[in-house]
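User: Could you walk me through a few places in this structure, one at a time?

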Amino acid sequence: MSRTALRICPLCEATCGLTLTIEGTRVTHARGDRDDVFSQGFICPKGASFGAVDSDPDRLRTPLVRRDGELCEATWEEAFDAVAAGIRPVVERHGPNSVGVVLGNPNVHTMAGALYPAVLLAGLGTRSVFTASTVDQMPKHVSSGLLFGDANAIPVPDLDRTGHLLLIGANPLESNGSLCTAPDFPGKLKALKARGGTLVVIDPRRTRTAKLADRHIAVRPGTDALLLAAMAQVLFEEGLTAPAPHVQGVEELAAVLREFTPEAVAGACDVEAGAIRELARGLAAAPAAAVYGRIGSCTVPHGTLASWLVDVLNILTGNLDRPGGALFPQAATDKTPRPAGPGRGFALGRWHSRVSGHPEAKGELPLSALAEEIDTATEEGEPVRALIAVAANPVLSAPDGDRLDKALDSLDFMVSVDPYLNETSRHADVVLPPPPPSQSPHHDFAFNTLAVRNQVRYTRPAVPLEPGRMAETEILARLILAVTGMHGADPAAVDQMVIDQTLGKAVKEPHSPVHGSDPRELATRLTGDTGPERRLDMMLRLGPYGDGFGARPDGLSLDKLLAHPHGIDLGPLEPRLPQPLKTRSGQIELLPGPIADDLPRLRAALAERPEGLVLVGRRHLRSNNSWMHNVPALTGGSNRCTLHIHPEDAERLGVEDGAAVRVKGAGGEVTAPAEVTDAIRRGVVSLPHGWGHNRPGTRLSHASTDPGVNVNQLLDGRLLDPLSGNAVLNGVPVEVAPETGPEVSSVTEKLTALT
């Protein structure tokens, strides 16, 4: 007999509520939860394929341990014994920095990934930390840290109330939104237009989002910061500024932007000066407007400056922290709001990478530097000799995967927490597979801090944990114990330690609702069936809407949340300044020192006129990085690894639609089928991210039948945004030529068969 269960979708940042149909222990159908307070029934193809993702037969069901060079099935006890025996000697012999930790994008989509990595890093004490952030959104964290004093204080567009939305480097109709958690982003954009609002899209490709726009500006890739700087200059020149309160540095900013006139940047951006002035005037004239930039404006040479200028435009037009503009969300599990006032500020470069001297940002080193940190000896400390990869596949997601592939083979020891034997985990000495999402609880700690409406939801596992499986939370707790010298201790001790530390600090904070209380007595009042649930209960109670352990009887707790299975609506975003500011001045610091120091590099770009073709990436609605290419329902159709090229460029180069083309970059070359389309501007080609499933030793049976090519192999890892360490993935020079020889016919025949 079938039954239904609720589940928050973990497959992208939209966090939609699902209603699952379950036959026995198998998810057979998924539809949108019409009663979900946030998504209200919306579902995308990824969510509709939840059951197929959940039951993929290639998911690992037991741990793997390397014996005599081969990965073999093992018990959980054997696996953690091997982890302890492999990691601890490296730490004791070479120091904590000789153990690297790589955290992948899926970490922010699970409760375990939110609750345990920080404890792991603190326990290890390593500075060799690499995450997916530095091939994605690190510029936004850095610009927010410098502007607001908090790298996680990221304002999001108030989509439901704005009248003018400018998107740069964003394609939410296919990505579902990012750093802006919004179920049914497409519906919100259509509603904006229906109420008479204006949608402007700046993108070198005519994406699905651009097709919906009132105006599409096909900017030259990599010149986003120049275009935004010119818009800000127009606001100053024409007296159109109305800065938000709590701002310092307005006059200084006007002075440093004076030379970035529309006429000065037009040639580099390939956008007419008049069009730039119209963009600025339209933004200033709107009663409520927001500028939103995403991965296309982050993964470029001036990614931090572009991210900074997005907020500069919101600030100068008075649209920061007001309804219809860009506001700071308030998540239910945020820390107890402290009184407004000066904070510690945000610092960059507190330490540097060993080989190339890259400065840390937000406690991380560039993922692009991982290979050299493993394979290059220097006199400055030990190389990375052991690696812990949690939900990470950097062989595909980082530049020059071939080099990293070889470097991983040279490690003394590697452990991977991953449900698949993929291009990265195949190198591990131990693979620890988490259960499928239906067997895991879910609360969005990270994405609720970026949500376009304040709300809180929690779903318990829809299906009981299979015999032989281990909860992901327990896997990470046991991993922490194994690598920090406490192997064999009760994993519940990890959660209890966090609870004790958190409550111990809370009772000492004057602004806390539990100030002066006994932390041990408070701990006895926590509810929940597991350690992670008790931690969630604690965070809810101490948070901005919490019951304060009884101090606010109408406030939130886990029990109250469980009584509302479709979630609790906490209302629209509200102005919060100056409370979120943690700068040393207690103000928005509009022209921070590191930004001012990087502006000469942007001035130099005014004279740049790149010759030849440049490469940009692209996203597909039915994909999320390299996660889902093993699910037949989510591949095929438009979700294919083809090179988009403009008809005029194709004709000039002798490239035919469907024929194989060779693409060469600084890091190597790949061969892919050409897809001739006028949806991309002249001088630009595009390959999607996350493909390249053709390496031996993986267990990705469907993905390997149509592997595609790894676009990041075209990069050698040397191109970085200097402030954030973010890899430059867009606007990089490439050479394109028709492929010749037998490979042409095989690729062409394969493409023909697929279509």
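**Salt bridges, a helix and a loop**

Analyst: Keeping in mind that this is a predicted model, we can begin with R662, which is partly exposed, with a relative accessible area of 28%.

User: Which residue does R662 form a salt bridge with?

Analyst: The partner of R662 is E669, and the closest N and O atoms of the two lie 3.7 Å apart. E669 counts as partly exposed, at 43% relative accessibility.

User: And how many salt bridges does a search of the whole structure find?

Analyst: The search finds 43 salt bridges. One of them joins the side chains of D678 and R206, at 3.1 Å from N to O. This pair links distant parts of the chain, 472 residues apart: D678 sits in the loop between strand 24 (668–676) and strand 25 (684–686), while R206 sits in the loop between strand 10 (198–202) and helix 9 (208–212).

User: What about E237 and R277, how do their side chains meet?

Analyst: They meet in a salt bridge, 3.4 Å from N to O. The pair links E237 in helix 10 (residues 224–237) with R277 in helix 13 (residues 273–285), 40 residues apart. E237 is partly exposed at 46% relative accessibility, whereas R277 is buried, with a relative accessible area of 12%, because buried means under 20%.

User: Switching to helix 5, which of its residues are buried?

Analyst: In helix 5 (residues 117–124), the buried residues are P117, V119, L120 and L124. Looking down the axis of helix 5, these buried residues fall within an arc of 160 degrees, so they line one face of the helix. On the other side of helix 5, A118 and A122 are exposed.

User: What do those buried residues pack against?

Analyst: They pack against several elements, including helix 3 (76–94), strand 6 (99–103), helix 4 (111–115) and helix 20 (492–506). Just after helix 5 comes G125, which takes a positive phi of about 75 degrees.

User: Last one: where is S438, and is it buried or exposed?

Analyst: S438 lies in the loop between strand 17 (430–432) and strand 18 (453–456), and it counts as buried because its relative accessibility is 1%. Leaving aside neighbours within four places in sequence, S438 is in contact with V27, F50, D54, P461, A462 and V463.

Terms used. Residues numbered from 1 in each chain as written. Predicted model: local features only at pLDDT ≥ 70, side-chain atom pairs only at ≥ 80, totals over all residues. Heavy atoms only, no water. Buried < 20%, exposed > 50% of the residue type's maximum accessible area, 1.4 Å probe, protein only. Helix = DSSP H or I, 4+ residues; strand = E, 2+ residues; numbered from the N terminus. Arc of directions from axis to C-beta. Contact = heavy atoms within 4.5 Å. Salt bridge = Lys/Arg side-chain N within 4 Å of Asp/Glu carboxyl O.
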